[in-house]
Amino acid sequence: MPAPVRANKINNPDDLQRAFAIRYEVFVSEQNCPPEIEVEFNDSSTHFIAYIGEEPVGAARYRKTDKGYKLERFAVRAVFRGRGVAQELIKAVISDLPPDAHYIYLHAQSHAAGLYEKAGFKKEGDEFEEAGMKHFKMVLKHW
């Protein structure tokens with residue numbers, strides 16, 4: 001039986017660098033996102049990492065904005081997709097949000113919108129382009 005996925009808030013510089021490496025691999029190398037966009041707001045965000053066994057497999061973050069709390073940069077290494085990594089990251093991020101987090105949203109890549117719908121997010125508005133990719137704004141309706 002494969003090792004379970006565990007996702008946690010990052011509390012050390014080594015895990016932070018591992019998370020940044022995963023995000024670079026997924027967003028910059030795989031999806032051709034400009035590197036300067038990928039690293040925006042790193043200093044004002046709370047970061048998370050997911051592991052399967054001892055292998056770092058996914059990353060995510062959230063930050064407070066003028067609208068509420070924005071979940072961002074969900075990235076799962078290609079060979080580990082379909083194993084529940086993103087769902088564990090979503091759970092970890094949401095469970096860490098402060099009590100005043102009444103408006104929780106994200107910009108989902110269009111192909112991944114279904115993943116966030118399973119976690120309780122709903123699309124709001126039309127599809128739009130961000131960093132050269134199609135997205136939907138999604139808002140958490142229950143948690």
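Me: How much space lies in the largest pocket?
Reply: In this predicted model, the largest pocket holds about 710 Å³ of space. Its lining counts 38 residues, and those closest to the pocket centre are Phe-27, Arg-73, Phe-74, Gln-109 and Tyr-116.

Me: Which element gives the largest share of that lining?
Reply: Strand 4 does, with seven residues. Other elements that give two or more residues include helix 1 (13-30), helix 3 (85-96) and strand 7 (133-140).

Me: What makes up the lining by class?
Reply: There are 19 nonpolar, eight polar and 11 charged residues.

Me: Why is the pair of Phe-74 and Tyr-116 called edge-to-face?
Reply: The ring centres lie 5.7 Å apart, and the limit for a pair is 6.5 Å. The planes stand at 70 degrees, and edge-to-face requires over 60.

Me: Why is the pair of Tyr-116 and Phe-121 given its label?
Reply: With centres 6.2 Å apart and planes at 85 degrees, the pair is edge-to-face, because the cut-offs are within 6.5 Å and over 60 degrees.

Me: How do you know whether Tyr-116 and Phe-121 are buried or exposed?
Reply: Buried means under 20% relative accessible area. Tyr-116 has 7% and Phe-121 has 0%, so both are buried. Phe-74 is buried as well.

Me: How many aromatic pairs are there by this rule?
Reply: The count is five. Ring pairs also link Phe-48, Tyr-62 and Tyr-69 into a cluster.

Me: What makes the charged end of Arg-63 count as sitting over the ring of Phe-41?
Reply: The charged end of Arg-63 is 3.8 Å from the centre of the Phe-41 ring, against a limit of 6 Å. The label also requires a position within 35 degrees of the ring normal. The charged end of Lys-123 sits over the ring of Phe-136 at 4.3 Å from its centre.

Me: Why is His-47 called buried?
Reply: His-47 has 7% relative accessibility and the cut-off is under 20%, so His-47 counts as buried. His-47 is placed in strand 2 (residues 46-52).

Me: What lies 2.9 Å from a polar side-chain atom of His-47?
Reply: The backbone oxygen of Asn-42 does. For a polar contact the limit is 3.5 Å.

Conventions. Residues numbered from 1 in each chain as written. Predicted model: local features only at pLDDT ≥ 70, side-chain atom pairs only at ≥ 80, totals over all residues. Heavy atoms only, no water. Phe/Tyr/Trp six-rings, centres within 6.5 Å; stacked < 30°, edge-to-face > 60°. Buried < 20%, exposed > 50% of the residue type's maximum accessible area, 1.4 Å probe, protein only. 1 Å grid on protein atoms, 1.4 Å probe; cavity = no way out; pocket = protein on both sides within 12 Å on 5 of 7 lines; lining within 4 Å. Points joined across faces, edges and corners; volume = space filled by probe spheres on them. Helix = DSSP H or I, 4+ residues; strand = E, 2+ residues; numbered from the N terminus. Nonpolar A, V, L, I, M, F, W, Y, C, P; charged D, E, K, R; others polar. Polar contact = N/O pair within 3.5 Å; in protein donor to acceptor, adjacent residues only side chain to side chain.
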